Amino acid sequence: MNTNRWSGVFPAVTTKFKADLGLDFEAMAKHLEFQLDAGVHGVIILGSLGENSTLDMDEKLQVTEFFIKQVNGRVPLLSCIAESDTRQAIFYAGRAEAMGVDGFMLLPPMRYPSDRRETMSYLHEVADASDVPIMLYNNPVAYGTDLSPADFETLASNPKFAAIKESSADTRRIPQIRRRTGDRYAIFCGVDDLAFESFTLGADGWVAGLVVAFPRETVRIYDLMRAGRWAEARKIYEWFLPLLGLDIGPKFVQQIKLVEELMGVGSARVRSPRLALSAPEAQRVRKILEHALAHRPVV
């Protein structure tokens, strides 16, 4: 198992689709290089922003194999496991490990609101299916199941759980987890517009969304905060905040993909049940982007 501690900016990249909504590997390859050229420290595929739930298992495996080959070991590549069936989660974990993925980002069971006993059992069962490290993904706001600091203390006994993506939107969780587990986990901020606050509390990394369109600004914020240059980081972060707010809410995928399209680094295409933003919704995103571009800092 790769025991290198994960840290830095890990983009949760979008899944690109052609006009017929088939997988657009050419667009994904181009976008990957755009991210790597900006200095991101890892890549996460098939997350919520990657529209995991709209891909069938064959497509997930195709995307995984493609990214493993394209990344080619340049940065850690993590794939999200977000399944409603333990058997499917275990199947995917085994296949993805055999292909060469560096790690997983693991959500509690989808659709079924598992209780604590069921949640913990599921996480351990999926972890047992491979030997690669895992980032536990806590997002009770979107998915209902909450992994508490006490749960992370219990899960710390399993060495495969190497990191946490904390998306509860409660920054108190970071020091609470640290008090219970010390430096056992690498803790990543999972909410774009709480990144600065999370780093001041000792977060190790940022699973970012708007990075897909603004990677250099995202990496620069991280680099400045790591260097203790808080005032410089805050200036860029405050400029970025209106855009980072697009990572929040039920239509965050459509909003971020529209920004990608408007910036010329992707397409706004999404698979149903998602639909393209309505005209007023899209206009709101355009206005936020236009204002940001008019005041974009030099990084």
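Guide: Two strands pair if DSSP finds at least two bridges between them. The model here is predicted.

Visitor: What makes strand S7 and strand S8 a pair?

Guide: Strand S7 (residues 186–189) and strand S8 (residues 205–208) are joined by two bridges in the parallel sense. The cut-off is at least two bridges, so they count as paired. Within this pairing, Cys189 stands opposite Trp206 in S8.

Visitor: What is the strand order of the open sheet?

Guide: The order of its eight strands is S1-S8-S7-S6-S5-S4-S3-S2, and the pairing is parallel.

Visitor: Why do strand S1 and strand S2 stand at the edges?

Guide: S1 (8–11) and S2 (43–45) each have a single partner strand, so one side of each lacks a neighbour in the sheet. On average, neighbouring strands are turned by 25° against each other, direction ignored.

Visitor: Which strands does helix H2 lie across?

Guide: Helix H2 (residues 57–71) lies across S2 and strand S3 (77–81).

Visitor: Which residues of H11 make the contact?

Guide: Gln255, Leu258, Val259 and Leu262 of H11 meet Ala282, Arg284, Val285, Arg286 and Leu289 of H12. Six of these contact residues are nonpolar, one is polar and two are charged.

How values were computed. Residues are numbered from 1 along each chain as its sequence is written. This is a predicted model: local features need pLDDT of at least 70, side-chain atom pairs count only at pLDDT 80 or more; totals for chains, interfaces and linings use all residues. Side-chain values use heavy atoms; hydrogens and water are left out. Helices (H or I, at least four residues) and strands (E, at least two) are DSSP runs, numbered from the N terminus. Axes are lines fitted to C-alpha atoms, for helices over the stretch in contact, and angles run from 0 to 180 degrees between N-to-C directions. Contact means heavy atoms within 4.5 Å. Ala, Val, Leu, Ile, Met, Phe, Trp, Tyr, Cys and Pro count as nonpolar, Asp, Glu, Lys and Arg as charged, and the others, Gly among them, as polar.
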